[in-house]
Every structure is written in C-alpha cells, then in structure tokens.
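I'll start with the strands and end with the pocket.

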Amino acid sequence: MENIILIGFMGCGKSTVGLRLSYRLRRTIIDTDKEIEKEERRTISDIFATDGEAYFRDRETAILRKLKDGVNNQIISVGGGLPVREENRALLHELGQVFYLCAEGRTIYERVKDDTTRPLLQVDDPLTRINSLIKERDPYYRAAADVVITVDDRSFTEILDEIERNVK
C-alpha cells in the first residue's frame with residue numbers, strides 16, 4: 001500500500017490530521033521536521049538560527065531521499081517549505097500519494113499567532129507574512145499534490161473522511 005503524504009503551509013493541520021489519520025488507518029506517522037530535529041539533536045529554530053534556511057532545506061531533501069529508500073504504507077507529514085524545491089516535489093511523488101491541506105491566511109494566523117517556535121513568523125506583521133508566503137508557495141503545493149483539500153472551517157472528521165475517500 002502506498003504512503004499518504006500531507007503537505008501544506010505551517011498551521012494547516014498536517015501534524016494533527018496525520019496523527020488522527022494514523023489512528024484511523026492503523027499506520028505509522030513520520031513527521032519530517034521531527035526526524036530532522038532527532039538527527040540534528042536540536043530544534044528547527046536552532047537550525048535556522050545557527051545554520052540558516054538553506055541548510056535546513058538541504059536536510060529536508062536528505063530526509064526525503066532516506067524515506068524513499070525504505071518507507072511504505074506510512075503517513076508522512078512534511079514541513080511547510082519542503083515542496084518548494086523541485087527535487088522535493090519529485091521525491092514526494094515517488095514516495096506516495098500527496099494531499100495538500102489548503103488553508104487561507106486568516107485560518108493559519110489564528111492557529112499560529114501565539115507560536116514563537118516558527119522562525120519565518122518572527123516579524124512585525126505575521127499575517128502579511130503568512131499571506132505573502134501562501135501566495136508564493138501555493139503553486140508549488142498544487143504542483144506537488146495529487147489531491148487538494150480545503151481545511152478552512154472544516155472539522156477533523158470531515159478532513160479525514162475526504163482523505164479516506166481519495167486514497168488510492
């Protein structure tokens with residue numbers, strides 16, 4: 001059985017949906033951000049601060065390559081910026097069926113406004129930054145996705161049901 005891969009902007013629900021889906025489908029979940037933190041023995045915020053975003057993006061690609069060589073029938077949740085790289089989009093398609101959890105900027109902002117662990121949002125106007133990044137990344141998410149699921153104003157049950165209906 002094919003892996004189910006969840007992509008989307010930070011705060012769209014990838015981790016929570018992935019965890020609930022793993023219980024529902026009795027599959028293990030892998031979070032690429034957590035895998036990077038485990039391998040690096042430090043937080044993503046620390047990685048960004050010490051080595052920069054480019055280094056972190058290289059680590060994301062390395063994790064995908066590793067997963068491609070030995071992971072099957074899993075749920076994989078990836079970091080929000082991972083699908084921006086063309087190589088990563090190709091690796092995602094090789095890894096499994098890709099679901100884009102699509103959310104509006106206002107939804108994201110409400111979910112992450114108090115989260116200080118998100119390096120890209122440590123700015124004076126996070127909502128403007130969120131909207132700008134969504135606009136920039138949406139075409140990449142759509143290019144990577146097999147299925148697009150809008151998550152605004154929807155319950156987890158509705159989102160999970162839609163994923164299940166669309167799993168190949």
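I looked up strand β1 (residues 3-7) and found three bridges joining β1 to β3 (residues 75-77), the two running parallel. Strands here are DSSP E runs of at least two residues, helices are H or I runs of at least four, and both are numbered from the N terminus. Two strands pair if DSSP finds at least two bridges between them. Across from I4 I see I75 in β3.

This is a predicted model, where local features need pLDDT of at least 70 and side-chain atom pairs count only at pLDDT 80 or more, while totals for chains, interfaces and linings use all residues. Residues are numbered from 1 along each chain as its sequence is written, and side-chain values use heavy atoms, with hydrogens and water left out.

Next, the whole sheet. I read an open sheet of five strands, ordered β2-β3-β1-β4-β5, with parallel pairing. β2 (29-31) and β5 (147-150) are the edge strands, each pairing on one side only.

Then the pocket (on a 1 Å grid over the protein atoms alone, an open set of points where a 1.4 Å probe fits, with protein on both sides within 12 Å along at least five of seven lines). I noted 31 residues lining the largest pocket (an atom within 4 Å of a point). M10, D33, I44, G79 and R118 lie nearest its centre. The elements giving two or more residues to this lining are α1 (14-25), α2 (32-40), α3 (44-51) and α4 (53-68).
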